[in-house]
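Visitor: I am new to this structure. Please show me how to read its features, one at a time.

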Protein chains: 2
Amino acid sequence: MTTPKHYQALSQEFQRIYHFQHLQALGDWDQATMMPMGGSHGRAEAMAELAVHIHQLKTAPLLLELLDCADSEPLSPSQRANLTEMRYQTLQANALPSALVQAKTQLTYQCEHAWRDQRKNNDWQGFAPNLTAVIDLVREEAQILGEAQGLSPYDALLNKFEPGTQACQIEQVFNEVKTWLPDLIKQVQQHQASRPHLTIPASSVDKQQALSLDVMSLLGFDFNQGRLDVSSHPFSGGVPGDQRITTRYEEQDFLSALFSTIHETGHARYEQGLPLEWRGQPAGQARSMAIHESQSLFFEMQLARGKGLLSPLTAKVNQHLGTQFTATQLEHLTTQVTPGLIRVDADEVTYPCHIMLRFDAEKALVDGSLSVADLPDFWDNAMQSLLGLSTKDNDRNGCMQDIHWPVGELGYFPSYTLGAMYAAQLRGAIEAQLGNIDQLVSDGKLNRVFEWLQHNIWSKGSLLTTNELITAATGESLNPQHFKRHLFNRYL
Amino acid sequence: MTTPKHYQALSQEFQRIYHFQHLQALGDWDQATMMPMGGSHGRAEAMAELAVHIHQLKTAPLLLELLDCADSEPLSPSQRANLTEMRYQTLQANALPSALVQAKTQLTYQCEHAWRDQRKNNDWQGFAPNLTAVIDLVREEAQILGEAQGLSPYDALLNKFEPGTQACQIEQVFNEVKTWLPDLIKQVQQHQASRPHLTIPASSVDKQQALSLDVMSLLGFDFNQGRLDVSSHPFSGGVPGDQRITTRYEEQDFLSALFSTIHETGHARYEQGLPLEWRGQPAGQARSMAIHESQSLFFEMQLARGKGLLSPLTAKVNQHLGTQFTATQLEHLTTQVTPGLIRVDADEVTYPCHIMLRFDAEKALVDGSLSVADLPDFWDNAMQSLLGLSTKDNDRNGCMQDIHWPVGELGYFPSYTLGAMYAAQLRGAIEAQLGNIDQLVSDGKLNRVFEWLQHNIWSKGSLLTTNELITAATGESLNPQHFKRHLFNRYL
């Protein structure tokens, strides 16, 4: 069967866009890992030029015409799915007037720049007007994006990261979690109170790096299709076929680099496992931020903190760092639950509290029921109720701690906890089909877990919607009970 | 004074092109230093897309219109020089029919690929028809480029690398060199016959790297504007503001990495010193391949093999590698003259013989007076007469040794020896103005040499033609007598 000609022409256009996105990924990675300071001005100019070019390609009138023509062509279900993704990406690129995009770029650049100092100085009074201006613009953006898609403003923001997911679904899930999580946290703290105190010995960067590389191999990272480097914030970048992940070494805490490497390896294996035959097409790309996070958290939380993998992990730690940990000690170190103010330092159990708080706040900021001026009180109240902690007069460790809002990224936060929930749900499905994961790993069958993920998640790219993907893999839509069961199993 | 509007518009177009060239430089560097094998297919596609885009920008009809309009605007001399470079680049991009460019890309790709094995196997019979096809296409290219510029075919090829330089000038220079160089080589060999034999101890890559970085600092490399990495063939890449140089470490021969680092540092300082106010414009770019090579060879040959710099270099070698060399021993090791078959292994004295041979050969291949079939005999005869060596039945170490012809780069070779000659001429001018260079370096005034180069060469970019640049800096056009005097001074 020959490929219908308009669809074919569209595919070629998206392949071109993808080639320029390849360069974008390379530029971003290099900037964070390799580029000397003096290169930043020239790089910023080149990357801006590239972004303009990609935007021009995505908003070319030809694309819209081709989309309409291809729609009435006889397409296979996969081609139809690809067309849907093409239309979605085109809509996202075309929806916003360029004046708004430009204004947002400028405003968030300034807000982020000022925020770096304001946060350090706990300068809420200085930050508030900047954030207000950003929120105003994001509300305008949300309004326009929502109208273009027939969505509420906040849902339109959510859909930038989680296509097809609505705030009301997340609300339902999160409201249920709020009924048991604060209590669970208290129980876990009591449960862990008798644990012996452990100290972490210092380890050189070289040794930690050798450990990271060894663990990446254990987790099936393909070094012919990627590499590990260092950046100030760990991330997973590059392109499928050439995954560039990073970590950051702290001599006083080898667990930080080790577990961020494991996390990013999860992201990387997803990208390395995306369907080769769809590479360069929208349908060949990772499904959503939450699904991406489900893979990194599956590696970091479900696998690496489980008794099955902890045993070989402990052996590798001792081998590379010359320590003498037992697997139980490493388990204790990596499953310690302690309510804290900072999201990025939070453990697996308290993490959702940070997300639920932000989700409630940003929804209310967007629908106007919460003003920026009232944000510190809102934050303090929510922290008190969820984690029993106060952020009064401590906004730097409260509502000023994250970069997301200063850069105008509202709608992103839920992905983290949705990811954790999907990860637990995938684990449930794997165990139903293959048996207990820790046992599988202990039996040397870790690869069967990866094969399952390859078959059910990685190889699907964006050929299915998030809901179709999860339902096909697990037999049901998002079901937070798996996450609840996982937490109770592991922590009580 | 306001900038004339057509000229202004042109500048903006070239700035855009420059931004995409920035990405091209990054992609090339990454491919040679960082990219895992699995990334090559995706990278090749992205780079091809980028090359097409840059070619489209350079051949946009708008550019030709703007060039004509700007020509009649009131421009400063520098703007006029920039316009000349713009016109030159545009002409180069527009001259060739895209079918020819595409055919050459494909043919040379195949020829190079096959050559890698054919060279290993000394398979001249297999290589000859491939090279014939490449030469045929290059002759067509040369014909078209020549007609577009009113140049002979070979001059048109030369001009791709050395704008404004003609084969007849080079012939005159090379013919004079041939009258004394073969004899000098014999004299130097006799002169060096009594030198004691020295062995080079093995050194670890880590120690060699620390030595390289230290020597780069000594030579004024700005690490805020660049970095050193490893690649299989050393090169200087990146962009002004972010110079990426590479070296290659051999445990058995630290001098290889050390002197290639010094060589590339010369290239890098030229790029780092290009005029900031012209960055992104054609006039702000390096003048030509020979001028580039003059800077790298000034560092590698004139400076680093001179008695002034050898002393601190020796100290650094001993410090980092734990050796106990004297400066005289290092001088002997780095100035040993030995006629050999391989150009890239040749010393400073015999190197021009390799170039003169190739210049004569490629000129004759392009004008048709030499057929590919006769190349092995031509090569053998020339090697016999210049260096007293035969390449009979040894084409892998004769006419098959270089990558240049398999990839269709004819016209490039002369740049190497022109560079060596310009370097010697610049040294002459510096010594006439500032005094003996070795003495300056010994007196801790190395920086005065760099300041001179910054003022006279680096800061000029392409604002002057090669001849204007050299004349302004040294008071005369290319004069090979400086090179001759340098060789006699150093080696006899």
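Visitor: How many residues apart are K363(B) and D360(B) in helix α14 of chain B, and what does that mean in helical turns?

Guide: Helices (H or I, at least four residues) and strands (E, at least two) are DSSP runs, numbered from the N terminus. K363(B) and D360(B) sit three residues apart in helix α14 (residues 351-367) of chain B, so about one helical turn separates them. Before we go on, some ground rules. This is a predicted model, where local features need pLDDT of at least 70, side-chain atom pairs count only at pLDDT 80 or more, and totals for chains, interfaces and linings use all residues. Residues are numbered from 1 along each chain as its sequence is written, chains are lettered from A and ligands numbered from 1 in the order in which they are written, and side-chain values use heavy atoms, with hydrogens and water left out.

Visitor: What joins K363(B) to D360(B)?

Guide: A salt bridge is a side-chain nitrogen of Lys or Arg within 4 Å of a carboxyl oxygen of Asp or Glu. K363(B) and D360(B) form one, with the closest N and O atoms 4.0 Å apart.

Visitor: Is K363(B) buried or exposed?

Guide: Buried means under 20% relative accessible area, exposed over 50%, and partly exposed in between (1.4 Å probe, protein chains only). K363(B) has a relative accessible area of 16%, so K363(B) is buried. D360(B) has 23%, so D360(B) is partly exposed.

Visitor: Which residue does R16(B) meet in a salt bridge?

Guide: The partner is E13(B), at 3.5 Å from N to O. Both residues lie in helix α1 of chain B, three residues apart, about one turn of the helix. R16(B) is partly exposed because its relative accessible area is 26%. E13(B) counts as buried because its relative accessibility is 16%.

Visitor: Where do E141(A) and K104(A), a pair that links distant parts of the chain, lie?

Guide: Start with the pair itself. E141(A) forms a salt bridge with K104(A), the closest N and O atoms being 2.9 Å apart. E141(A) lies in helix α6 (residues 124-149) of chain A and K104(A) in helix α5 (residues 98-120) of chain A, 37 residues apart. E141(A) has 3% relative accessibility, so E141(A) counts as buried. K104(A) has 17%, so K104(A) counts as buried too.

Visitor: How many salt bridges does the structure hold over all chains?

Guide: The total is 51. Six of the salt bridges found by the rule cross the interface of chain B and chain A. One pair is R43(A) and D242(B), whose closest N and O atoms are 3.9 Å apart.

Visitor: How many residues does each chain bring to the contact?

Guide: Contact means heavy atoms within 4.5 Å. Chain B brings 33 residues and chain A brings 33 residues.

Visitor: Which three residues supply 20% of the area that chain B buries against chain A?

Guide: Buried area is the accessible area (1.4 Å probe) that two parts lose on being put together, summed over both. Chain B and chain A bury about 2600 Å² between them, and 58% of it is on carbon and sulfur atoms. H19(B), L23(B) and E49(B) supply 20% of the area buried by chain B, more than any other three residues.

Visitor: How many residue pairs are in polar contact between chain B and chain A?

Guide: A polar contact is a pair of N or O atoms within 3.5 Å; within protein, one must be able to donate a hydrogen and the other to accept it, and residues adjacent in sequence count only if both atoms are side-chain atoms. Between chain B and chain A the count is 16 residue pairs, both at pLDDT 80 or more. On the side of chain B that touches chain A, α1(B) gives the largest share, eleven residues.

Visitor: Which residue does S294(B) join through a side-chain polar contact?

Guide: S294(B) joins Q295(B), at 3.0 Å. S294(B) is found in helix α11 (residues 289-303) of chain B. S294(B) has 1% relative accessibility, so S294(B) counts as buried. Leaving aside neighbours within four places in sequence, S294(B) is in contact with G419(B), Y422(B), A423(B) and L426(B).

Visitor: How do β1(A) and β3(A) pair, parallel or antiparallel?

Guide: Two strands pair if DSSP finds at least two bridges between them. β1(A) and strand β3 (residues 242-247) of chain A pair in the parallel sense over five bridges. In β3(A), Q243(A) is the bridge partner of G226(A). Strand β1 (residues 226-230) of chain A is mostly covered, with four of its five residues buried.
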